Amino acid sequence: GYTLEGFPLNDIGSYAVYPQEIVDSENLSSIQVAQGSADLDSPTVSASGGVVNMYLIDPTEKMGGRADFSYGSYNAVRGFARFDTGLMGNSGTRAYFSFSDTHEQMWRGPGDESKLHGEMKVVKEWGKDNRMSLVVVGNQLDNYSQPSVSMASWNKYGIGVPGAIDGSSSGTPANTVYNSVMTGNPKVDQYYYKNRINPFTNIYISAPSHFNLGSHLSLTETPYFWYGYGNGGGAYSENMTKMSYGSQTMSGTINGQSAGNTNVVLYNPSITRTYRPGAVTKLTWTSGINRLMVGYWFEYSYQRQTSPYSALNADGTPVNEYGDGANLILANGQVAQYRDTLTRTIINTPFIGDSISLFHNRLTIDAGLKYSIITRDGRNYLPDTSTGTVINQTYREALPTMAFRYKVDSRNQLFFSVATNYRVPMNSSLYDSGAYYSGSGYSNHAATGLKPEVSISEEFGWRYQGKLINTSLTYFHYNFTNRLFTRTIVDPHNMGDYYTTSINGGGETTNGVDFEIGTRPIYNIRPYFSAEYIDARTDSNLAAQTSGVSAFMPTKGKFAPQTPRYQFGFGLDYDNGGIFGNFSLKYVAKQYSTFMNDEAVPAYVRMNIGVGYRFKSWGLFKSPTIKLNLSNITNNHYLNYASGIETNAQTATAINGQSVKGYAPTYGIASPF
């Protein structure tokens with residue numbers, strides 16, 4: 001889960017997070033990472049593995065500002081400016097307003113990316129511990145999709161733009177989405193980059209406030225509103241005389257014109273519009289050694305998701321990038337849609353927590369419970385679906401947590417925690433969508449029977465904080481049930497059509513050790529080292545992606561996908577007040593991309609360097625700074641994650657002896673130097 005100033009950032013339907021939309025780093029005050037479990041008052045429904053909380057700086061009390069400019073590889077240009085009002089009279093109110101503008105070329109293939117981003121924070125403080133704030137973040141992003149790749153495509157083309165269709169020698173089906181030629185001819189090329197645009201607008205508004213009610217009682221109130229509108233662009237070659245409206249086949253026209261009995265490339269973006277108001281209310285009572293917290297999180301979200309077909313211009317660009325114009329109208333007067341759904345998500349989550357300090361604050365015990373009730377009230381406006389028009393799904397889960405911290409002395413601390421978290425299935429799993437085929441229905445089938453992923457995390461460790469060295473050693477044990485994974489499904493009737501969906505990946509047991517050590521500055525130098533070992537095992541035999549008879553694969557006991565067994569990090573920084581610099585190295589071991597462990601992301605190393613100089617203040621300018629950042633200094637070309645996992649990549653034998661054909665997992669490519 002991800003939050004900013006106490007309001008949620010994960011998409012309410014898919015839980016996706018897009019870091020470039022959230023915040024300008026110049027305005028960040030702190031980032032808190034709670035691994036393994038989310039806070040009791042954290043407003044998230046997807047944090048089965050922990051939560052990241054981000055906070056913005058406060059406006060300064062003195063009028064001023066900041067500006068910076070960056071230029072880099074791939075013609076990356078960015079400008080940022082912030083103005084602080086300072087205290088406005090005797091009102092106790094101060095504010096800042098910032099704006100940034102970013103443009104860059106895509107580092108892989110043609111196309112570019114642009115972003116306009118604005119932020120505002122207003123703070124008013126009065127009396128003792130009374131504070132109100134208003135945060136507004138706006139983001140407009142335009143870029144082009146960079147396709148994922150199969151291992152066969154990666155081995156053949158590397159970091160270059162995917163080339164001709166390549167059927168894999170392992171027997172996995174060729175996937176034209178990931179391995180197609182971008183010819184540049186929009187009349188024949190449904191994968192032309194100019195019809196793969198991703199325009200998106202986000203607006204976040206929050207008013208986190210704290211009130212001292214007296215008698216050791218305080219109120220924290222965080223109302224918020226989340227708005228998003230945009231799409232992931234795409235295009236498909238379609239025959240306008242053979243379009244489907246559920247089980248019916250009929251013709252369609254664009255602006256009253258038909259293309260005849262020939263295929264034509266049509267723009268088919270996946271559009272999402274989200275309205276998401278909510279609030280987190282928390283009362284805290286503190287008396288001596290005890291602190292009691294009681295609260296409630298409520299949210300009502302409205303998410304409309306469509307995918308209309310519309311026309312392209314002669315140069316391959318959409319007539320309307322949001323798919324709102326020049327739509328394909330079917331013979332019955334309906335707009336042709338690949339998907340057409342409305343999801344209302346209602347969240348009710350009361351929580352209570354208590355913290356007590358004993359033995360002169362040497363022992364601290366925290367305990368809490370939240371009860372989450374999440375209702376998906378859905379409508380699928382496509383005809384002849386397997387679930388009908390109305391879908392209603394409610395998930396309930398009690399989530400207890402407990403933690404102990406004991407100070408052995410002023411430098412050594414022992415800690416233990418146990419917590420439960422859960423993640424409900426994505427809203428897309430509730431609906432049929434795609435093309436309709438007689439006898440089998442829609443190409444994308446609803447999976448309404450999915451269960452929430454539940455995790456129980458236990459951690460035990462030791463921290464040492466000395467005058468020179470800080471270090472920690474943590475053992476963790478996670479147990480997942482109904483593990484939710486994202487799988488890419490290719491339509492067997494049309495290899496150019498694909499979709500992603502959630503699957504329950506059975507149980508998973510994870511054991512591991514984290515270690516980190518760092519120092520305070522030694523002659524202005526600070527070294528840092530971290531390491532992690534994980535043993536993560538799938539506890540169930542999983543069904544393979546097959547047609548006809550269900551086949552279970554022998555996945556029990558296999559290493560869990562998307563999990564590196566080892567990770568190492570090393571950092572070194574220097575700062576004498578004027579000259580500063582840093583070096584970082586990260587090693588990540590291989591990560592399996594299938595439950596059968598027959599394909600994996602190879603291990604990789606990435607190294608970065610940054611150097612800079614702070615000048616002395618001059619007039620109005622406070623410590624002007626110049627900095628050079630070098631990322632991936634060895635220009636290592638590598639895959640860094642599995643974007644779509646499969647049960648098996650190679651042909652394998654199921655438990656019942658059935659031979660099961662493999663499907664190619666997909667991968668994301670890391671950026672070069």
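Two strands are taken as paired where DSSP finds at least two bridges between them, a criterion that strands S1 and S2 of this predicted model meet with two bridges. Strand S1 comprises residues 2–4 and runs antiparallel to S2, and within this pair leucine 4 stands opposite phenylalanine 7 of S2. Both strands belong to an open sheet of four strands, in which the order is S2-S1-S4-S3 and the pairing is mixed. The edges of this sheet are formed by strand S2 (7–8) and strand S3 (28–35), each of which pairs on one side only.

Across the whole chain, two helices and 42 strands are assigned. The radius of gyration is 27 Å, close to the 26 Å given by the globule rule for 673 residues, so the chain is as compact as a globular protein of that length. Along the principal axes, the C-alpha atoms fill a box of roughly 80 × 60 × 50 Å. Of the 673 residues, 48% are buried, while the accessible surface of the chain amounts to about 30,500 Å², with 56% of that area belonging to carbon and sulfur atoms. Where contacts between residues at least 6 apart in sequence are considered, 66% join residues that are at least 24 apart. The charged side chains number 51 positive and 51 negative, and the centres of the two sets lie 5 Å apart.

Strand S7 (residues 93–105) is joined by 13 bridges to strand S8 (residues 112–126), the two running antiparallel, and alanine 95 stands opposite valine 122 of S8.

Tyrosine 245 lies in strand S14, which spans residues 243–245. When residues up to four places away in sequence are left out, tyrosine 245 touches Met250, Leu330, Asn332, Gln334, Pro383 and Asp384.

Terms used. Residues numbered from 1 in each chain as written. Predicted model: local features only at pLDDT ≥ 70, side-chain atom pairs only at ≥ 80, totals over all residues. Heavy atoms only, no water. Rg over C-alpha atoms; globule rule 2.2 N^0.38 Å. Buried < 20%, exposed > 50% of the residue type's maximum accessible area, 1.4 Å probe, protein only. Contact = heavy atoms within 4.5 Å. Areas by Shrake-Rupley, 256 points an atom, 1.4 Å probe, with all protein chains shown as cover. Lys, Arg positive; Asp, Glu negative; His and termini not counted. Charge placed at Lys NZ, Arg CZ, Asp CG, Glu CD.
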